[in-house]
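Student: I would like to know what stands behind the labels on a model like this one. Can we go through them one by one?

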Amino acid sequence: MASAAESFRELALSGANNMNPNGEKLEPPDLSHYEENRSKFPPEELLKYAGKFVAFSPDGLRIVASGDSWEELDADLEAKGIHFSQVVSSYLCPGDVSCI
Amino acid sequence: MSLHFPYTLVPMPYAVVSLGGRWSRPRPLITVSLIGPTSAHSIDGRLDTGADDTIFPERLAAVIGADLTVAPRGQATTADMTPISVRYAHVTLRLTDGKERCEWPAWVGFSPRIRRPLLGFAGFLQFFTATFHGDREQIELTINGLYPGT
């Protein structure tokens, strides 16, 4: 039996759920406030997600889903009924290492 | 047209010695929207002047409907010289700083080994004059003569 993540990926691969009800391509959401709000995101909140894959709301104010892999993030989004085209996904590096 | 982005302040659980003891690291992360044949996805990527190509996690190709089955293939190496496979597709990239918006066609790579997108020369930085203001912790991207978009 396929996992939720696998099923979600199959749907994505088929393209079937990438369209809106009118059969048109889903466009990215309005991100005009994302950078501004994301830069003010509480550091203590971000630290909780260090090393995780997360999805931010388009306004950059909330983390709406998370997982330990892209597949887990997809599954969490699906479980919450949020389409992947309507979030900003991000990998938050572990906080105890520097990136070089 | 210029777009301005603040460095993303990444909180650290310790004082960073090399930055004089501050508790965060500024990183040049910006949000780019990847638009394919059937859908779009927005994701935070790292501006990397040392990267030859612009590379996204492979899962995104399926998400946006980009067909990689007949895509041109290549090989890349990471900073630690680990070889990774890359497949290329022609997509549309969109960028906004909340004031300006630009959108252009680009060849980008997809790799299963990438966790965070690398916004490198081909497909991205080749179309901009990029200024990294270390003092202000701000990035300025100005479209150049090669910019093919709108």
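Tutor: Start with the hairpin of β11(B) and β12(B): four residues lie between its strands, and E137(B) takes a positive phi near 50° there. Keep in mind that this is a predicted model.

Student: Where does E137(B) lie, and what makes its phi worth a remark?

Tutor: E137(B) sits in the loop between β11 and β12 of chain B. Its phi is positive, about 50°, although E137(B) is not a glycine.

Student: How do you know that β11 and β12 of chain B pair?

Tutor: Count the bridges. Pairing needs at least two bridges between the strands. Strand β11 (residues 128-133) and strand β12 (residues 138-143) of chain B are joined by six, so they count as paired. They run antiparallel.

Student: Which residues in β12(B) are the bridge partners of T131(B) and H133(B)?

Tutor: T131(B) has E140(B) as its partner. For H133(B), the partner is Q138(B).

Student: What is the strand order in the open sheet of chain B?

Tutor: The order is β1-β12-β11, three strands with antiparallel pairing.

Student: What makes β1 and β11 of chain B edge strands?

Tutor: Each of them pairs on one side only. Strand β1 covers residues 2-6. Between neighbouring strands of this sheet, the average turn is 15°, direction ignored.

Student: Why is I64(B) called buried?

Tutor: Its relative accessibility is 0%. The cut-off is under 20%, so I64(B) counts as buried.

Student: Where does I64(B) lie, and what does it touch?

Tutor: I64(B) belongs to helix α1 (residues 59-64) of chain B. Leaving out residues up to four places away in sequence, its contacts include L34(B), I35(B), P37(B), H41(B), V91(B) and F110(B).

Student: How far apart are I64(B) and P117(B)?

Tutor: In sequence, 53 residues separate I64(B) and P117(B). In space they are 15 Å apart, C-alpha to C-alpha.

Student: Which residues touch the most other members in the largest nonpolar core?

Tutor: That core has 44 residues, and the ones with the most contacts to other members are F56(B), L93(B), L95(B), W104(B), F110(B) and F124(B). Strand β9 (residues 101-111) of chain B gives the most to this core, with five residues.

Student: What is the secondary structure of chain A, and in which pattern does it run?

Tutor: Chain A has four helices and three strands. Along the sequence they follow α-α-α-β-β-α-β.

Conventions
Residues are numbered from 1 along each chain as its sequence is written. Chains are lettered from A and ligands numbered from 1 in the order in which they are written. This is a predicted model: local features need pLDDT of at least 70, side-chain atom pairs count only at pLDDT 80 or more; totals for chains, interfaces and linings use all residues. Side-chain values use heavy atoms; hydrogens and water are left out. Helices (H or I, at least four residues) and strands (E, at least two) are DSSP runs, numbered from the N terminus. A nonpolar core is a set of buried Ala, Val, Leu, Ile, Met, Phe, Trp, Tyr and Cys residues joined through side-chain atoms within 4.5 Å. Buried means under 20% relative accessible area, exposed over 50%, partly exposed in between (1.4 Å probe, protein chains only). Axes are lines fitted to C-alpha atoms, for helices over the stretch in contact, and angles run from 0 to 180 degrees between N-to-C directions. Contact means heavy atoms within 4.5 Å.
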